[in-house]
Amino acid sequence: MTTSSAPGKIILFGEHAVVYGRPALAVPVTQVQATATVSENSRGGIRVEAPNINLSSDLSRLAPDHPLAAVINSVFSALSISSPSDCTVYIQSTIPVAAGLWSGAAVSVAVIRALSEFLGQPLPNERVSTLAYEAEKFHHGTPSGIDNTVITYARPVYFIKSKPIEIFSVGKPFTLVIGDTGIPAPTKESVSDVRRLWETDKTRWGKVFDEIEKIVHEAKKKIESGEWKGIGSLMDQNHALLQELTVSSVELDRLVAAGRRSGALGAKLSGGGRGGNMIALVEKENAPAVAEAFRSAGAKRTIVTQVG
Ligand code: MEV
């Protein structure tokens with residue numbers, strides 16, 4: 001039997017613009033995990049069990065473009081295995097489904113690692129990340145690759161599409177409160193809406209992406225030099241630009257405002273937007289008050305996490 005876990009993630013700065021070649025910063029969130037366990041199946045065949053999404057099926061009965069079937073089959077073909085051994089792939093996740101924190105990528109990474117190990121050919125990180133990226137395309141068409149990268153390496157990443165991975169350092173640890181709107185919001189939809197918007201006026205929206213890029217550079221400098229308090233106002237600015245890109249929502253804006261009112265140093269949506277999650281930068285001792293303010297403003301779940 002083999003087991004592998006992969007963390008959740010948050011985008012600190014640069015979501016959406018990253019799809020258009022601008023940089024973004026993302027960090028793993030280890031309080032939530034996707035776990036895959038692969039064991040022998042004495043009854044024969046390949047079973048896929050994912051109780052979180054009420055799935056219990058033979059692999060052969062899943063549509064080939066089902067995200068789990070796709071990722072499992074991609075491992076077999078990456079390992080050139082034409083008649084795989086009988087096994088059960090059991091997947092569990094504490095990462096909210098279809099929210100900014102949810103990552104099909106975390107499930108993919110956990111499955112790829114556990115399955116390749118079970119088959120006696122554990123894959124190196126680079127291959128794991130590439131296969132998870134291929135699977136991400138099922139989730140949202142034109143992914144930048146940031147999600148599979150930060151989750152595979154489980155380190156803070158400064159990411160530019162199609163460039164080698166760069167890890168960034170955190171000069172002084174800082175605390176974030178994550179607020180989950182509880183509203184499912186497939187990244188695929190917000191990403192394709194932004195694409196439609198961009199296509200209406202590439203110059204105008206390209207400038208918005210450029211502004212986001214400046215914010216990412218400034219934020220990276222501040223995080224690396226330990227001036228973490230300075231990233232609060234950058235979060236506010238990044239959120240305003242994401243609002244312009246139409247990917248915020250009433251619920252996200254309500255949580256962002258609640259965060260700021262309760263003493264957060266800055267707040268923004270994180271990930272695809274529309275629903276899903278947002279983050280607020282806080283002084284450590286203020287985290288419980290901000291989390292409480294999020295819950296009063298409608299958050300279904302809050303997580304306090306330390307970066308660095
Ligand atoms: C999703 O976590 C981040 C987006 O920028 C999409 C992507 O980069 O693939 C919205």
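Is the crossing of H7 and H8 left-handed or right-handed? The crossing of H7 and H8 is left-handed, a word used if the near helix is turned anticlockwise from the far one by less than a right angle, with right-handed used if clockwise. The contact (heavy atoms within 4.5 Å) involves Asp236, His239 and Gln243 of H7 and Asp253, Val256 and Arg260 of H8. By type, these residues are 1 nonpolar, 2 polar and 3 charged. H7 covers residues 231–244 and H8 residues 250–261, and they pack at an angle of about 160 degrees with axes 12 Å apart. H7 and H8 are therefore roughly antiparallel, the word for angles over 145 degrees.

The model is a predicted one, in which local features need pLDDT of at least 70 and side-chain atom pairs count only at pLDDT 80 or more, while totals for chains, interfaces and linings use all residues. Residues are numbered from 1 along each chain as its sequence is written, and side-chain values use heavy atoms, without hydrogens and water.

A second pair is H2 (residues 104–118) and H4 (residues 146–153), whose axes come within 9 Å and cross at roughly 50 degrees. The crossing of H2 and H4 is right-handed. Ala105, Ala106, Val109 and Arg113 of H2 meet Asp147, Asn148, Ile151 and Thr152 of H4. That contact divides into 4 nonpolar, 2 polar and 2 charged residues.

After H6 comes Gly226, with a positive phi near 85 degrees.

Technical notes:
Axes fitted to C-alpha atoms, helices over the stretch in contact; angles between N-to-C directions. Helix = DSSP H or I, 4+ residues; strand = E, 2+ residues; numbered from the N terminus. Parallel < 35°, antiparallel > 145°, perpendicular 65-115°, else oblique. Nonpolar A, V, L, I, M, F, W, Y, C, P; charged D, E, K, R; others polar.
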